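Here is a short report for a first look at this structure. Have the sequence and the 3D view at hand as you read.

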Amino acid sequence: MNTSYPFGQHVFFDSDAGNDNICAIASTSLSGHLVGIFTAVRALGFTTVYGQVITADGVMPPPFTVPDNTDRNQKDASIATVDGTDDFVVAWTSSSTDNYVVYLRRFRVNPNGSVIPVSLTQQVSENHGDYMAPRVVWLPEHQAFFMLWLAVRNREVQCKYLSYNDSEGTFDDISYTTTLNDSVHHDYFSSDIDISSDANLSICLITTPDRIIAGLKRSHNEVGLYEFMPPAPGEVQQHNLPVYSVEDLSKFDICYDPEGLIKIVYVKTGISPVYGDNIPLFGRTQVAGAPVRLNQLFLSCGRPVIRYSFSIAPPAATAPQVSAASPEARKYHVCWDTSEHGCVYNRFNDDFFAAGPEDYINSSDGSSNNPRLLLTDNQNVVVFHAAKLDELHLGDNAGILFNVHYR
């Protein structure tokens, strides 16, 4: 789907409080509207989850509030779009009870870009303990949502399937809450955690044609990969996939390769390049196979993200078209931050060989970091934290920018 998001670099959101924090971005299935979910300080110092839309035509309506109750603190939100519609759901954690609990709500983007809620806020987790870092994906073939989150008191990773009841405007459980059959890194189990801004921990949740795959850090040297079978009543059926081993692992991200591989990008603790590697979905243990260093200029890198696109649509009508079946059409887009020169974007082929030079984003602002990456048929979008837009300082030297290029 072709989009006309505003070309170049612009302000996504900026407040005077200076605590603006991007959580997740996605484009709606029907029209290609960009939806960004972020947190910012509201009244009485509480942090609230907000959304911002950029329509496929480039219009930017005012931000909207995600929860219907904005008292207390909300954070660490994720988003899933619903195929064939301009609907999306947002999951987040909120301290609106005595503990943090997980909520879910569904929204719709109107043709003019305004957003309306089509459900009330619904609690998904239990009450007795802090439930953090919810992640949600949509399974179009099963018309179901899959959610995963951290249970701090029980030191567990929990998950469940839900469906949406259109007539009632509510989410119904397909399965009951199930515990991940593995142990993960102890640093996950903290009520202070905020995965969306953390520089060392990741929770990845992706869909494949017939199942869901999650990735979490098991230890300082391991990524655990887990597949979840299609939804069925009762317990969520899961299998542990190969453990990917790499020394001194820090932040990572994964995406699915249609050839049957998991693509992983990661950084190590300390001063580290960013690496890319392939993980086959079989066997018991998969050590680092042939990781490739992705950054061309040697800098300390962090928070890499990877996205897959099957075809590249050139912006010019006269440009030669590339068949989606050809190897040249498969590209892996990677973005990461650096310690000194903002965020970096580049494209790679199946072997993680760079398809061109690096693109430095907001390089004059060394504090630009924590990028999110979104692709349409003709544009790529990077949303990230920053202190300045060119020479202009953002509110309290902290805001959210977006950068759009044609590809």
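## A serine in a loop

S15 sits in the loop between β1 and β2 (21-27). Strands here (E, at least two residues), like helices (H or I, at least four residues), are DSSP runs, numbered from the N terminus. S15 has a relative accessible area of 14%, so it is buried. Buried means under 20% relative accessible area, exposed means over 50%, and partly exposed lies in between (1.4 Å probe, protein chains only).

The side chains of S15 and D20 are joined by a polar contact of 2.6 Å. Such a contact is a pair of N or O atoms within 3.5 Å; within protein, one must be able to donate a hydrogen and the other to accept it, and residues adjacent in sequence count only if both atoms are side-chain atoms. Neighbours within four places in sequence aside, S15 is in contact (heavy atoms within 4.5 Å) with D20, G395 and A398.

## About the model

This is a predicted model: local features need pLDDT of at least 70, side-chain atom pairs count only at pLDDT 80 or more, and totals for chains, interfaces and linings use all residues. Residues are numbered from 1 along each chain as its sequence is written, and side-chain values use heavy atoms, with hydrogens and water left out.

## A four-stranded sheet

Strand β1 also belongs to an open sheet of four strands. The order is β1-β34-β31-β30, and the pairing is antiparallel. Two strands pair if DSSP finds at least two bridges between them. The edge strands are β1 (8-13) and β30 (369-375), and each pairs on one side only. On average, neighbouring strands of this sheet are turned by 25° against each other, direction ignored. Axes are lines fitted to C-alpha atoms, for helices over the stretch in contact, and angles run from 0 to 180 degrees between N-to-C directions.

β30 and strand β31 (residues 379-386) run antiparallel, joined by five bridges. N369 faces H385 in β31 as its opposite residue.

How many of the eight residues of strand β17 are buried? Six are, so β17 (residues 212-219) is largely enclosed by the rest of the structure.

Strand β16 (residues 203-207) runs antiparallel to β17, with five bridges between them. T207 stands opposite I212 in β17. The hairpin from β16 to β17 passes through four residues.

β17 also pairs with strand β18 (residues 222-228), again antiparallel, over seven bridges. There S219 stands opposite E222. A hairpin of two residues links β17 to β18.
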